[in-house]
Amino acid sequence: MPVVIVYPPDEEGGRRIRVDGEISGRAFGLKDMVEFLRRAGLDTIEDTDVVTAGWIEWRGGGPDAWEH
């Protein structure tokens with residue numbers, strides 16, 4: 001599995017996503033997270049996988065924290 005770090009929400013509610021050391025973009029919800037992970041090669045990832053994945057490091061709040 002890739003190393004995934006989700007940074008705390010910014011003032012606009014976006015969270016920077018880092019996959020294997022590279023910034024993938026800014027997510028504004030779980031659907032964005034799924035898209036970034038699909039682009040990283042994880043084609044079978046779903047919203048529920050993102051919420052329960054132990055290999056995703058959530059900083060500044062878990063998968064339900066999208067507001068600053």
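In the predicted model, Arg-15 is placed in strand β2, which covers residues 15-19. The residue is buried but takes part in no salt bridge. Asp-64 is the nearest side chain of opposite charge, and it lies 6.4 Å away. Because a salt bridge requires the side-chain nitrogen and the carboxyl oxygen to be within 4 Å, Asp-64 at 6.4 Å does not qualify as a partner of Arg-15. The side chain of Arg-15 instead reaches backbone oxygens: that of Tyr-7 at 2.8 Å and that of Ala-65 at 2.7 Å.

Side chains of opposite charge can pair when their charged atoms come close. Across the whole structure, six salt bridges were found. One of them links Glu-12 and Arg-26, with the closest N and O atoms 2.6 Å apart. Glu-12 belongs to the loop between β1 (4-6) and β2, whereas Arg-26 belongs to strand β3 (residues 22-27), so this pair ties together parts that are 14 residues apart in sequence.

Glu-35 has a relative accessible area of 34% and is classed as partly exposed. Arg-39, at 63% relative accessibility, is classed as exposed.

The side chains of Arg-59 and Glu-57 form a further salt bridge, at 2.6 Å from N to O. Here both partners are partly exposed, with relative accessible areas of 32% for Arg-59 and 38% for Glu-57. Elsewhere, salt bridges with shared partners join Asp-10, Glu-12 and Arg-26 into one network.

Arg-15 is buried and has no salt bridge, and its side chain reaches the backbone oxygens of Tyr-7 and Ala-65.

Key
Residues numbered from 1 in each chain as written. Predicted model: local features only at pLDDT ≥ 70, side-chain atom pairs only at ≥ 80, totals over all residues. Heavy atoms only, no water. Helix = DSSP H or I, 4+ residues; strand = E, 2+ residues; numbered from the N terminus. Buried < 20%, exposed > 50% of the residue type's maximum accessible area, 1.4 Å probe, protein only. Lys, Arg positive; Asp, Glu negative; His and termini not counted. Polar contact = N/O pair within 3.5 Å; in protein donor to acceptor, adjacent residues only side chain to side chain.
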